[in-house]
Amino acid sequence: MPVMKTITSMLVTGGGKITCLRCTAMSKRSGEQCKKPALKSSRTQKCDFHGGGSTGPKTEAGKARIAAVHTVHGRETREQRSDRSAASARISRLEDAMHVLKMTTAPRSRGRKAAGYTPITSVEGVVQMLIDDLLHCNTPVKQEG
């Protein structure tokens, strides 16, 4: 059982030239206090690692603004995410069509299926998928000849 030590509220750093508040988070394992400086904006005197950073927007306008531009990893917008999800669902349907038409014996893709995916289990489903693809195709179909 770790021995709980007293909390030191001040941290002297920079060779004794800088004095700042110290993070008050305590380790469960060792019982020692965090050695990082607390953020000035932290109400609970915590460092950025222990929750002293922003707690997010508070007003409805701020929450709406964040929701409008929110991205999961900062790499894609909602539109790009929905396009990728639709493409993934189409690939899964094509894979189903290949299995229904006995064009492959490879195992099916693992993992969760994309939103909008509907499994194809019959030849009629394959025909319907092809008709839907031709009707909803964004690029014109080039005719040979």
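Reader: Where does Arg93 lie?
Author: Arg93 lies in helix 2, which covers residues 78–100. Helices (H or I, at least four residues) and strands (E, at least two) are DSSP runs, numbered from the N terminus. This is a predicted model, in which local features need pLDDT of at least 70 and side-chain atom pairs count only at pLDDT 80 or more, while totals for chains, interfaces and linings use all residues. Residues are numbered from 1 along each chain as its sequence is written, and side-chain values use heavy atoms, with hydrogens and water left out.

Reader: Is Arg93 buried or exposed, and which side chain of opposite charge is nearest?
Author: Arg93 is buried and has no salt bridge. The nearest side chain of opposite charge is that of Asp133, 4.6 Å away. Buried means under 20% relative accessible area, exposed over 50%, and partly exposed in between (1.4 Å probe, protein chains only). Lys and Arg count as positive and Asp and Glu as negative, whereas His and the chain ends are not counted. A salt bridge is a side-chain nitrogen of Lys or Arg within 4 Å of a carboxyl oxygen of Asp or Glu.

Reader: With which residue does Asp133 form a salt bridge?
Author: Asp133 forms a salt bridge with Arg90, and their closest N and O atoms are 3.3 Å apart. This pair links distant parts of the chain, since Asp133 is in helix 3 (residues 123–135) and Arg90 in helix 2, 43 residues apart. Arg90 is partly exposed, with a relative accessible area of 39%.

Reader: How many salt bridges are there in the count?
Author: The count comes to four salt bridges. Among them is the one between Asp96 and Arg108, whose closest N and O atoms are 2.6 Å apart. Asp96 lies in helix 2 and Arg108 in the loop between helix 2 and helix 3, so this pair ties together parts that are 12 residues apart in sequence. Asp96 counts as buried at 3% relative accessibility, while Arg108 counts as partly exposed at 43%. Another salt bridge joins the side chains of Glu32 and Lys35, at 3.0 Å from N to O. Glu32 is partly exposed at 33%, and Lys35 is exposed at 54%.

Reader: Back to Arg93: which residues is it in contact with?
Author: Leaving aside neighbours within four places in sequence, Arg93 is in contact with Gly116, Tyr117, Thr118, Ile120 and Met129. Contact means heavy atoms within 4.5 Å. The C-alpha atoms of Tyr117 and Arg93 are 7.1 Å apart in space, and the two residues are 24 apart in sequence.

Reader: Where is Tyr117, and what does it touch?
Author: Tyr117 is in the loop between helix 2 and helix 3, and counts as buried at 19% relative accessibility. Not counting residues up to four places away in sequence, Tyr117 touches Ala89, Ser92, Arg93 and Asp96.

Reader: Which charged end sits over the ring of Tyr117?
Author: The charged end of Lys113 does, 5.9 Å from the ring centre. A charge sits over a ring if NZ of Lys or CZ of Arg is within 6 Å of the ring centre and within 35 degrees of the ring normal.

Reader: Changing topic, what is the order of elements in the chain?
Author: From the N terminus, the elements run β-β-α-α-α, giving three helices and two strands. Of the 145 residues, 20% count as buried.
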